[in-house]
Amino acid sequence: MEHTHETIFLTGRAGTGKSTLLKHFIKTTKKEVAVLAPTGVAALNIEGMTIHRFFGFSTTVTVMEAKKKAKKAEKAGLAGMYSFFDTIIIDEISMVRADLLDCIDIFLKTLLDNSKPFGGKQMIFIGDLYQLPPIVQASEKEHFSSVYPSPYFFDSHVMQEIHDMYYCELEKVYRQSDNTFIELLNAFRNRTF
């Protein structure tokens with residue numbers, strides 16, 4: 001995380017230390033990082049900010065609106081604030097919809113005038129895809145499925161542009177020490193109980 005500019009996906013089941021590692025990284029990194037999450041509760045947990053607040057997005061943001069927001073931000077002289085950050089970390093990535101990730105991408109590309117994914121910013125995604133999924137309302141499902149293969153972040157258009165994402169899975173559970181209980185939790189996680 002410290003010595004690369006690659007996009008990173010850090011995952012692992014509950015109790016493997018994703019949040020602990022994130023907090024350690026934030027305290028020790030020499031990089032300028034923005035720490036974001038999809039919900040207020042998740043943002044509080046990592047002492048970060050919600051994605052929507054950081055980018056000034058409405059809850060129903062579209063790619064076209066994200067582009068307009070970027071142009072407004074540029075006119076307001078905010079490009080420097082966003083270019084200040086080396087890395088953007090998104091925790092609880094399992095909850096981030098594909099279209100929201102595309103909005104982040106188009107916002108950064110437009111504002112920073114950089115055609116690389118996410119305007120050239122390093123992205124670190126943290127989360128467990130077995131946990132909370134992204135929510136697509138019933139009224140959105142037909143349109144959404146005509147644009148994206150799934151609502152998950154990895155099916156966003158921008159992720160198709162990234163060919164060298166580094167994948168890291170934390171495997172050792174630290175939160176519990178009872179092996180029977182850990183196996184039971186794993187069975188629930190994998191739906192093999």
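## Burial and the overall fold

A residue is called buried when its relative accessible area is under 20%, and exposed when that area is over 50%. The model described here is predicted. By this criterion, 44% of the 193 residues of the protein count as buried.

The protein contains eight helices and six strands. Their order along the sequence is β-α-β-α-β-α-α-α-β-α-β-α-β-α. Among contacts between residues at least 6 apart in sequence, 74% join residues at least 24 apart.

## Helix α4

Helix α4 comprises residues 63–75, 13 residues in number. From its first C-alpha to its last it reaches 19 Å, close to the 18 Å expected at 1.5 Å a residue. The buried residues of α4 are Ala66, Ala70 and Ala73. Seen down the axis of α4, these buried residues fall within an arc of 65 degrees, so they line one face of the helix. In general, an α-helix has 3.6 residues a turn, so residues three or four places apart point the same way.

The face turned away from the buried side of α4 carries the exposed residues Met64, Lys68, Lys72 and Lys75. The elements covering the buried residues of α4 include α5 (79–84) and α6. After α4 comes glycine 77, with a positive phi near 75 degrees.

## Helix α6

Helix α6, one of the elements that cover the buried residues of α4, is itself mostly covered, as 15 of its 15 residues are buried. At 1.5 Å a residue, the 15 residues of α6 should span 21 Å, and the distance of 21 Å between its end C-alpha atoms therefore agrees with expectation. Aspartate 113 follows α6 and has a positive phi, near 50 degrees.

## The largest pocket

Which residues lie nearest the centre of the largest pocket? They are Thr59, Arg97, Asp99, Ile135 and Glu140, from a lining of 23 residues. The volume of the largest pocket is about 650 Å³.

Helices α6 (98–112) and α7 (141–147) each supply at least two residues of this lining. The most is given by α7, with three residues. By residue type, the lining of the largest pocket divides into 13 nonpolar, seven polar and three charged residues.

Note on methods:
Residues numbered from 1 in each chain as written. Predicted model: local features only at pLDDT ≥ 70, side-chain atom pairs only at ≥ 80, totals over all residues. Heavy atoms only, no water. 1 Å grid on protein atoms, 1.4 Å probe; cavity = no way out; pocket = protein on both sides within 12 Å on 5 of 7 lines; lining within 4 Å. Points joined across faces, edges and corners; volume = space filled by probe spheres on them. Helix = DSSP H or I, 4+ residues; strand = E, 2+ residues; numbered from the N terminus. Nonpolar A, V, L, I, M, F, W, Y, C, P; charged D, E, K, R; others polar. Expected span 1.5 Å × (residues − 1). Buried < 20%, exposed > 50% of the residue type's maximum accessible area, 1.4 Å probe, protein only. Arc of directions from axis to C-beta. Contact = heavy atoms within 4.5 Å.
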